[in-house]
Amino acid sequence: MSVENEKVLELKNLKTQFITKDKTVTAVDHVSWHIGKGEILGLVGESGCGKSVTALSIMQLFRNTTGKITDGEILFKDKNLVGYSNKEISHIRGREISMIFQEPMSSLNPTMKIGTQMMELILKHNRVLSKKEAKDLALSMLVKVGIPRAAEVINEYPHQLSGGMCQRVGIAMGMSLNPALLIADEPTTALDVTIQAQILELMRDINKEFDMSILLITHDLGVVAEMCNRVVVMYAGKVVEEADVLDLFSNPLHPYTKGLLNSTPVIGNPKERLVAIRGNVPSLDNMPAGCAFEPRCDDCFERCKKEMPPIFHIDGENGLRKSRCWLAEEYGRRVDV
C-alpha cells in the first residue's frame with residue numbers, strides 16, 4: 001500500500017509552543033513527516049499527544065492566541081508556509097488545503113444557512129464565478145457527498161440537520177475547491193457506527209476520484225487499518241513511530257504502538273482480555289527527564305529514564321520505518337531528531 005509519489009506536504013522539525021508570561025509549553029516537538037500526492041496518511045495517538053495542534057499549525061489557525069510556531073518548516077508544494085502573513089495563508093487555506101473539524105455540529109456557523117456558508121467560501125477563492133454559479137456548485141457538492149433533498153438542505157440552518165449531515169456538509173465545503181490536501185481531524189467522532197462507515201467510504205471515494213491527499217487524524221486504529229497507506233504515531237508532542245500501515249499492524253516496533261494495538265478489540269476473540277496502557281499522557285509542562293513514555297512502559301530500562309531516544313530508521317517489508325525507542329538501536333540507523 002506504499003505510495004511513492006511527489007510530496008504534497010512535508011513537515012521538517014516543526015515545533016509549536018504556547019507561550020505565556022508564566023511558562024512555555026511545547027505541544028509539537030520537532031515533528032517531521034510527509035504526505036505524497038493521492039496518499040492517505042494516518043496520524044494517531046491518545047488525546048493530548050499533539051495531533052490536532054499539528055493540524056492547526058499547518059493551517060495556522062491559532063494566530064492571535066498564545067500558540068506560535070517557533071522552529072521548523074511546513075513545505076507545501078515546496079513552499080515554506082511558516083512566516084506567511086495572514087493574508088498570504090488565507091489564499092492557501094480553504095482553496096489548496098482544507099480541513100474538516102471533529103465537531104460537525106459546532107464547526108458550522110449556526111446563524112447562517114448552509115448555502116450561504118458554502119457560497120462565501122467558494123466566492124472568496126473564485127471571484128470569477130457569479131452568485132448563481134457559486135450556488136450551483138455548492139448544490140452539486142451537496143449532491144456529491146450524498147445529502148438527500150440537497151435543494152432544500154442548502155436553504156436550511158445547521159441546527160436543522162443531524163450530526164452526520166453536518167459532517168457531510170463539512171466535507172462538501174472542504175472539497176468544493178478541489179484542494180490538494182484535505183485534513184480530517186477525527187471526522188467520525190460523535191457519529192453513530194452506520195454514519196461513520198458512510199463518511200469513511202465517502203472520503204475514500206474522494207481520494208480516488210480526485211487523487212486528493214488526506215491527513216486523517218484519529219485514535220481509532222480500525223479506521224487507520226481500513227483507510228491509510230502510512231501511519232505516524234505521536235506521543236507527548238513527538239513522533240514515536242512511522243511505518244507503512246501493513247508493517248505497523250504486523251510488526252509494531254515502539255512499545256506505545258504495541259500498547260495501542262493491544263488495547264484494541266479484535267473481532268473473533270470476544271473472550272480475549274484487552275490490555276490497557278497504565279497511567280496517562282504526561283503533562284507537557286512536566287515531562288519526564290528521559291523518554292516521555294518511560295513511566296508507562298513495561299519494556300523500559302535505566303537508559304530510558306535518563307536519555308530521550310532519537311529516531312531510528314529501520315528497513316521494513318514495505319519501506320523505511322521510524323521508531324523513537326532505545327530498543328531499536330541494535331537494528332536501526334540513528335537519526336538525531
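**Close-up 1. Strands β1 and β2 side by side in the predicted model.** Strand β1, residues 7-19, pairs with β2 in the antiparallel sense, and nine bridges join the two. Along this pairing, Phe 18 stands opposite Val 25 in β2.

**Close-up 2. Phe 18 and its ring partner, Phe 62.** Searching the whole structure gives five aromatic pairs. One of them brings Phe 18 and Phe 62 together edge-to-face, with 6.2 Å centre to centre and 65 degrees between the planes. Phe 18 belongs to strand β1 while Phe 62 sits in the loop between α1 and β4, so this pair ties together parts that are 44 residues apart in sequence. How accessible are the two partners? Phe 18 is partly exposed, at a relative accessible area of 26%, whereas Phe 62 is buried, at 9%.

**Close-up 3. Phe 312, Trp 326 and a visiting arginine.** The ring centres of Phe 312 and Trp 326 are 6.1 Å apart and their planes meet at 65 degrees, so this pair is edge-to-face. Phe 312 comes from strand β11 (residues 311-316), and Trp 326 from the loop between β12 (319-323) and β13 (333-335); the two are 14 residues apart. Both Phe 312 and Trp 326 are buried. Look also for Arg 303: its charged end sits over the ring of Trp 326, 3.6 Å from the ring centre.

**Close-up 4. A cluster of rings.** Here Tyr 235, Tyr 256 and Phe 293 are linked into a cluster by ring pairs.

**Close-up 5. Helix α7 and its surroundings.** Helix α7 covers residues 193-210, and at 1.5 Å a residue its 18 residues should span 26 Å; the end C-alpha atoms are 26 Å apart, which agrees. Which residues of α7 are buried? They are Gln 196, Ile 199, Leu 200, Leu 202, Met 203, Arg 204, Ile 206 and Asn 207. The buried residues of α7 pack against the helices α4 (131-144), α6 (163-175) and α8 (221-227), and against the strands β3 (40-44), β7 (181-185) and β8 (213-218). Just after α7, Asp 211 takes a positive phi of about 55 degrees.

How values were computed
Residues numbered from 1 in each chain as written. Predicted model: local features only at pLDDT ≥ 70, side-chain atom pairs only at ≥ 80, totals over all residues. Heavy atoms only, no water. Helix = DSSP H or I, 4+ residues; strand = E, 2+ residues; numbered from the N terminus. Expected span 1.5 Å × (residues − 1). Buried < 20%, exposed > 50% of the residue type's maximum accessible area, 1.4 Å probe, protein only. Contact = heavy atoms within 4.5 Å. Pairing = 2+ DSSP bridges. Phe/Tyr/Trp six-rings, centres within 6.5 Å; stacked < 30°, edge-to-face > 60°. Lys NZ or Arg CZ within 6 Å of the ring centre and 35° of its normal.
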